[in-house]
Amino acid sequence: YIMKRYFYWIAIFLMGFLMITGENLEAATSTKSDLKDYLQQVKKLEKLHYGPIQTSLREIRNIELKPQTRKEILEKKLLPNLDSLLKDWDQVAPQTTEVQEINQHYKKAYELMRESMTLRSKAWDLEQIESNLLTSGNIAQAKEFRAQINLEHSKATQKLNEASMQADVAMDA
């Protein structure tokens, strides 16, 4: 859902930008064509990466899975797919300053999303330890881990919010 939302934001923003600058198209032909090229490159990235990333996100949302299983999915599927997206995003090379700025903000949004997923992985590690402690009857120590787990999940959520704000900044650029 998050990835799809970012791709839609890009498309909506770019279309709005084209409409606003429509009156100055003769003067801004290079920006218009750069923006058009950029949108085509983003569409290619979407085709290549969107499916695997969404599949991985759906899998880790399953709260019935053990924390360790969710972590494995995250580390073996989602993070490599995000890394691949970011690597491919480095190949996107807008020519104009305006489109370069948009590109930087969107790339930063995906980087923050990746950081968020890394924090989730840490929280799931702690959840597995907490589960083991509860199984062994060590309630007091498990409560300490719950506080750490909540903190890590909070950090992850904050990073996702920062990613969303970064995408919003790109729309305003």
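This is a predicted model: local features need pLDDT of at least 70, side-chain atom pairs count only at pLDDT 80 or more; totals for chains, interfaces and linings use all residues.
Reader: Why is the pair formed by the rings of Trp89 and Tyr110 called tilted?

Author: The count of aromatic pairs comes to one. The ring centres of Trp89 and Tyr110 are 5.2 Å apart, and rings pair if their centres lie within 6.5 Å. Their planes stand at 50 degrees, whereas under 30 degrees would count as stacked and over 60 as edge-to-face, so the pair is tilted.

Reader: What makes this pair one that ties together separate parts of the sequence?

Author: Trp89 belongs to helix H3 and Tyr110 to helix H4, so the pair ties together parts that are 21 residues apart in sequence.

Reader: Why does Ser121 count as buried?

Author: Its relative accessibility is 4%, and buried means under 20%, so Ser121 counts as buried. Ser121 lies in helix H4, which covers residues 97–135, and, leaving aside neighbours within four places in sequence, Ser121 is in contact with Lys71, Leu74 and Glu75. Of the 173 residues of the protein, 42% count as buried.

Reader: Which residues have the most contacts inside the largest nonpolar core?

Author: This core has 27 residues, and those with the most contacts inside it are Tyr38, Ile60, Leu78, Leu82, Trp89 and Met117. The elements giving two or more residues to this core are helix H2 (29–60), helix H3 (67–89), H4 and helix H5 (139–172). Ile60, not counting residues up to four places away in sequence, touches Arg70, Ile73, Leu74, Leu78, Met117 and Trp124. A second, separate core has five residues, among them Leu126, Ala142, Phe145 and Ile149.

Reader: What pattern does the protein follow, read along the sequence?

Author: Its pattern is α-α-α-α-α, and the protein has five helices and zero strands. Among contacts between residues at least 6 apart in sequence, 77% join residues at least 24 apart. The protein exposes about 9,800 Å², of which carbon and sulfur atoms supply 54%.

Note on methods
Residues are numbered from 1 along each chain as its sequence is written. Side-chain values use heavy atoms; hydrogens and water are left out. Helices (H or I, at least four residues) and strands (E, at least two) are DSSP runs, numbered from the N terminus. Buried means under 20% relative accessible area, exposed over 50%, partly exposed in between (1.4 Å probe, protein chains only). Contact means heavy atoms within 4.5 Å. Accessible areas come from the Shrake-Rupley method with a 1.4 Å probe; for residues, only the protein chains shown count as cover. A nonpolar core is a set of buried Ala, Val, Leu, Ile, Met, Phe, Trp, Tyr and Cys residues joined through side-chain atoms within 4.5 Å. Rings of Phe, Tyr and Trp (its six-membered ring) pair if their centres lie within 6.5 Å; planes under 30 degrees apart count as stacked, over 60 as edge-to-face and the rest as tilted.
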